[in-house]
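This report looks at the pockets and the surface of one protein model.

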Amino acid sequence: CYNLIRREPEEEGILRQAKENGVGFIGFSPLAQGLLTDRYLKGIPSGSRASENRTLKKEIITPEILNSLENLDKMAAERGQTLAQMALAWILSDSLVTSVIVGASSIGQLDSNLQSIRNTSFSAEEIEQINALTL
């Protein structure tokens, strides 16, 4: 599991170790079970994974997380992307990441996700801002 919120592969050196050993790294859950989409920006919608306390637990969606998501969403809009597109672009911008596994429940979601590869460049200021909002 690797995304803007769950950074264990980065923090624990797994990405570095994969590169040093000549193997690829494929992350899963790059959108944090939907948390890094616009779905949860206004709280927990009914019928969502979090509302049913399934793979995304309600207790994860704190006011602090919602604030971070709102700020990340604004940043994405400034880049001409959705929050999901920016979250995917961020992962794909890392040379230590080979690929990611995305889930989509519609062709529209898949198409939108694929748009993330159009802009995977981040300035040092943007990376600093992302890190301030997510670490």
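## The largest pocket

In this predicted model, 26 residues line the largest pocket. Those that lie nearest its centre are Leu-31, Gly-34, Thr-37, Gly-103 and Gln-109. Two elements, helix 4 (83–92) and helix 5 (107–114), each give two or more residues to this lining. Helix 5 gives the most, with three residues.

The space in the largest pocket comes to about 650 Å³. Sorted by class, its lining holds 12 polar, nine nonpolar and five charged residues.

## The second largest pocket

The second largest pocket has a volume of about 170 Å³. Its lining includes Cys-1, Asn-3, Ile-5 and Arg-6. Ser-29, Ala-32, Gln-33 and Leu-35 also line the second largest pocket, as do Thr-55, Leu-56, Lys-57 and Ile-60.

By class, six residues of this lining are nonpolar, four are polar and two are charged.

Which residues make the nonpolar surface patch? The patch is made by Ile-26, Phe-28 and Ile-101, and has an area of about 320 Å².

Phe-28 belongs to strand 1, which covers residues 26–28. The relative accessibility of Phe-28 is 47%. Exposed means over 50% and buried means under 20%, so Phe-28 counts as partly exposed.

How values were computed. Residues numbered from 1 in each chain as written. Predicted model: local features only at pLDDT ≥ 70, side-chain atom pairs only at ≥ 80, totals over all residues. Heavy atoms only, no water. 1 Å grid on protein atoms, 1.4 Å probe; cavity = no way out; pocket = protein on both sides within 12 Å on 5 of 7 lines; lining within 4 Å. Points joined across faces, edges and corners; volume = space filled by probe spheres on them. Helix = DSSP H or I, 4+ residues; strand = E, 2+ residues; numbered from the N terminus. Nonpolar A, V, L, I, M, F, W, Y, C, P; charged D, E, K, R; others polar. Patch = residues over 30% accessible without salt bridge, like charges linked within 9 Å, V, L, I, M, F, W, Y side chains within 5 Å. Areas by Shrake-Rupley, 256 points an atom, 1.4 Å probe, with all protein chains shown as cover. Salt bridge = Lys/Arg side-chain N within 4 Å of Asp/Glu carboxyl O. Buried < 20%, exposed > 50% of the residue type's maximum accessible area, 1.4 Å probe, protein only.
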